[in-house]
Amino acid sequence: MSPGYPLRTERLILRPLREDDIDVILAYRNDPEVSALQDWELPVTRERVERLVVAQSTWTDIVPGEPRQIGIEHEGELVGDLYVGLDEHGGVAEIGFTLRTEHQGRGYAFEAASAVVTDLIERLGCHRLVGQLSPQNVRSAKLLERLGMHVESLAPRSYWCRGAWDDNLVYAMSDAQWRAR
């Protein structure tokens, strides 16, 4: 089987992160609008972004047990990234997404997530997908619903984030639900 990435969609290239992405990632990960409902520690330092890019720059495919940060590129510009964590057995994957403020609302996150979900299910044989978020993250919840996911659980005050407890909302779907949508 040939490597799956970079993966091209109608408008996007989904690819490993690169050294020339560092300044862009640093800017959007520290943008208050982008980071408000994400769980990373703030402020995001250049050193941390450099480590992320080094760790995520050489892969060519999604591999069980090795989380991936996938760059979302539009017309030669990094517009965000998508997280994929495929469990060690290859059957369950968690996804998440982050888009620069000025590129939100254009369908890029949905296009990228749809392509990756299709790849996970159809090529890699994943049978279950999940997404976890704060219930306050309404836009991401709507995106997960557009993908065909449904609310599976809500765990009140179960997620520690930036010095406070938050609720954890879990969306999920099976491969059969993806194919039937």
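**Entry 1: the model**
I am working from a predicted model.

**Entry 2: the sheet**
I began with the strands. I found an open sheet of 8 strands with mixed pairing. I traced the order as β1-β2-β3-β4-β5-β6-β8-β7. Which strands stand at the edges? They are β1 (7-8) and β7 (150-161). Each has a single partner strand, so one side of each is left without a neighbour in the sheet. I noted for background that strands of a sheet pair through backbone hydrogen bonds, either parallel or antiparallel.

Next I looked up β4 (residues 77-86) and β5 (residues 92-99). These two strands run antiparallel, and 7 bridges join them. I also checked one residue, Gly85, and found that its bridge partner in β5 is Glu94.

**Entry 3: helices on the sheet**
I then turned to helix α1 (residues 22-30), which lies across β3 (68-74), β4 and β5. Helix α1 runs at about 75° to β4. Helix α4 (residues 108-123) packs on the sheet too. I listed the strands that α4 touches: β1, β2 (12-16), β3, β4, β5, β6 (128-133) and β8 (164-174). The direction of α4 makes about 35° with that of β4.

**Entry 4: Asp119**
I stayed in helix α4 and picked Asp119. Is Asp119 buried or exposed? Its relative accessible area is 8%, under the 20% cut-off, so I put Asp119 down as buried. Leaving out residues up to four places away in sequence, I found that Asp119 touches Tyr5, Leu7, Ile62 and Leu124.

**Entry 5: Ala176**
My second residue was Ala176, in helix α6 (residues 175-180). Ala176 has a relative accessible area of 48%. That value falls between 20% and 50%, so I logged Ala176 as partly exposed. I also looked at Ala176 and Arg128, which are 48 residues apart along the chain. Their C-alpha atoms are separated by 9.0 Å.

**Entry 6: the largest pocket**
The largest pocket holds about 1,400 Å³. I found 50 residues in its lining. Which of them lie nearest its centre? They are Leu37, Gln38, Phe97, Asn137 and Ser140. Helix α5 (residues 138-146) gives the most to this lining, with 7 residues. I sorted the lining of the largest pocket by residue type and got 22 nonpolar, 15 polar and 13 charged.

Notes. Residues are numbered from 1 along each chain as its sequence is written. This is a predicted model: local features need pLDDT of at least 70, side-chain atom pairs count only at pLDDT 80 or more; totals for chains, interfaces and linings use all residues. Side-chain values use heavy atoms; hydrogens and water are left out. On a 1 Å grid over the protein atoms alone, a cavity is a set of points where a 1.4 Å probe fits but cannot get out, and a pocket is an open set with protein on both sides within 12 Å along at least five of seven lines; lining residues have an atom within 4 Å of a point. Grid points are joined across faces, edges and corners, and a volume is the space filled by probe spheres set on the points. Helices (H or I, at least four residues) and strands (E, at least two) are DSSP runs, numbered from the N terminus. Ala, Val, Leu, Ile, Met, Phe, Trp, Tyr, Cys and Pro count as nonpolar, Asp, Glu, Lys and Arg as charged, and the others, Gly among them, as polar. Two strands pair if DSSP finds at least two bridges between them. Contact means heavy atoms within 4.5 Å. Axes are lines fitted to C-alpha atoms, for helices over the stretch in contact, and angles run from 0 to 180 degrees between N-to-C directions. Buried means under 20% relative accessible area, exposed over 50%, partly exposed in between (1.4 Å probe, protein chains only).
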